[in-house]
Amino acid sequence: MTTTATAAKMPPQIPYIIGNEGCERFSFYGMRNILTVFMMTSLLLAIPEDMRKAEAKEVFHTFVIGVYFFPLLGGWLADRFFGKYPTIFWFSVIYCAGHACLSIFENNLKGFYFGLFLISLGSGGIKPLVSSFVGDQFDKSNRSMAQKVYDAFYWIINFGSFFASLLMPVILKNYGASVAFGLPGLLMGLATLILWSGRKKYLHQPARGANPHNFLKVVWTALKGGGLGMAVAALGLLLAAYALSEMTSLGLVAAVCLALVLVMGFGGVGAWLQLDSARGVHPDEAVDGVRAVLRVLVLFALVTPFWSLFDQKASTWVLQADQMAKPAWFQSSMMQALNPLLVMILIPLNNLVLYPALQRMGLRVTALRRMGVGIALAGAAWIVAGVLQLWLDEGSTVSIVWQMLPYALLTLGEVLVSATGLEFAYSQAPLSMKGTIMSFWNLSVTVGNLWVLLSNVSVKSPGALAAIKSTGYSETACLMFFFAGFALVAALLFALVARRYPMQDNYRG
C-alpha cells in the first residue's frame, strides 16, 4: 500500500522517516562521540601511554571507514534484490546487535571490536538508502519540497547528535560504559520500530533485479575495448597491488581502501576515455547515465578532503581539548555538542535569512557554490585549530572557549557541504543508479578518513619527522596546517570543475 505524494501538502510518510533518522543518529553519535574517550581511559589501558593516542585515533578512523564503506553493499542489495525499505529494516537489526555487543563486551577487546564491526555494517548498510528513500517520496511535481525535507532530515540528524554529544559523556562518567553504550542501543531499537510503523505509507521503488546495463557492466564493456582506457585501468591495478604489498607499513584497512580507491579512480578515468565504445552493446540511456555518474564522481573526489577535516573533530580535536583549560565538570568530548547545536541554528538561518539576502544582492546560491565555499571554510577552521595548538605547544593556558571558533567555521562548512550534497547527489543520479551514486557519496567519507590514516603513517617516516623538527612546531600542529592546506587546494579545484559541470534534474516524472 502506498500514498501518492502531491504538490499540495507534505507526503504523510515523511514524519516516520524523519523520526527514524533522529533516533538512529542519537544512537550513532551517542556511541561515536564517547568512543575515543572510552578507548583512552579504559579499553586501551594495556597499551603504553605514549602510543595510546595514535592507537585510539587509528581505531576510530578505521571504524568510520567501515561505516562509509558498507554503503556499497547496502546500495547493491537494495537495487539488485530487496528494495530500499526491507534492506534498511534488516540492516537496522544488525545495527541493534552491534550496540548490544558494545554494552556487553565493555571489557573484552575482541567482543567490543566485533560490536564496532556490526555497527559499521548496519549503519553503513542503511546510510545510502535512507537519504535516497526520502527522495523516492517525491517527484517532479513537488521536488521544491525535497530540499526543505533534506534540510529537515539533516536538522533532525543534528538534533539527535546534540543531545547525544551533551549527555553521553556524563552518562559514561557517572554510570559506566555498559549503560553509556546500552542507551544508544535502545534508541536504535526505537528507530527500527518507528521505521516499521510507517511501512504501509511509503512510496516503494521496487528492486530492479539483475540489470545487464548497470554501471559496472557499462564500465567493463568500455574498458574491454582496449586502447588507452584499458592501459590507464591496468596502471591502477598495478598501483593497487603495490599498495597491498605495503600492508605491513600501512595497516590492513588503509592498504585495502587505498587499493580500492586506485582501482576505482584509474578504472573510472579509463572508462571515461572510451565510454562511447560501449554504445551498441548497451543502450544510449545507460551509457549516458554512466557518463553522468563519472562526472559527479570528480566532484565527490574533491569533497573527500572536507571529510578528512570534519571527522577529526571527534578524534584530533577531542585530544586537543584534553590539553585546554576547562571547568572540572566539563568533559572534552562534550565540546562536540556545539557542532549539532550550530547546525540546528544555521540551517533555518541560512534558508530564511542568508540565502534570500544573497539572492536579493544578485548572487545565485547554487548547490555547487555552497559546497565549494563549505570546503574552504573547513580549511579556515583548521588554520584556527593549528594556531590554538601552537599556543598549547608553547605552554600557554588556553581556554576551551577558544575552540568554539574553529567549531563554528567547520559547522558552517558542514551545512554547506553535507546537507546540500545529499540532495545534489540524489538529483544528479539517473533513476536506475540512485543507490549507486548515493553509495559513492558515502564512499567519499571513507576516502576522507583514508587520507587521515595515510597521513598518520606518513608522518612517522624519518624524512617527515626531520622536516617537522626543522619547522620547530609539534607533529600535531604541522598536521593541522597540512590538512588546512589540503582543504583549501581542494576548494579551489572544486570551484574550477564546478564552473563547467552541467546540472541534471533526475527526479521522477
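**Pockets, cavities and a helix pair**

Author: Let's start with the second largest pocket, which holds about 1,300 Å³ of space. Bear in mind that this is a predicted model, where local features need pLDDT of at least 70, side-chain atom pairs count only at pLDDT 80 or more, and totals for chains, interfaces and linings use all residues. Residues are numbered from 1 along each chain as its sequence is written, and side-chain values use heavy atoms, with hydrogens and water left out.

Reader: What makes a space a pocket and not a cavity?

Author: On a 1 Å grid over the protein atoms alone, a cavity is a set of points where a 1.4 Å probe fits but cannot get out, whereas a pocket is an open set with protein on both sides within 12 Å along at least five of seven lines. A volume is the space filled by probe spheres set on the points, with grid points joined across faces, edges and corners.

Reader: Which element gives the most to the lining of that second largest pocket?

Author: Helix 3, with 14 residues.

Reader: What is the lining of the largest cavity like by class?

Author: It has 12 nonpolar, 4 polar and 7 charged residues. Here Ala, Val, Leu, Ile, Met, Phe, Trp, Tyr, Cys and Pro count as nonpolar, Asp, Glu, Lys and Arg as charged, and the others, Gly among them, as polar.

Reader: Now the helix pair: why are helix 1 and helix 3 called roughly antiparallel?

Author: Helix 1 (residues 14-32) and helix 3 (residues 49-69) pack at an angle of about 160°, with their axes 12 Å apart. Angles over 145 degrees count as roughly antiparallel, so helix 1 gets that label relative to helix 3.

Reader: And which residues meet there?

Author: Phe28, Met31 and Arg32 in helix 1 meet Phe60, Phe63 and Val67 in helix 3 (contact means heavy atoms within 4.5 Å). By class, this contact has 5 nonpolar, no polar and 1 charged residues.

Notes. Axes are lines fitted to C-alpha atoms, for helices over the stretch in contact, and angles run from 0 to 180 degrees between N-to-C directions. Helices (H or I, at least four residues) and strands (E, at least two) are DSSP runs, numbered from the N terminus. Angles under 35 degrees count as roughly parallel, over 145 as roughly antiparallel, 65 to 115 as roughly perpendicular and the rest as oblique. On a 1 Å grid over the protein atoms alone, a cavity is a set of points where a 1.4 Å probe fits but cannot get out, and a pocket is an open set with protein on both sides within 12 Å along at least five of seven lines; lining residues have an atom within 4 Å of a point.
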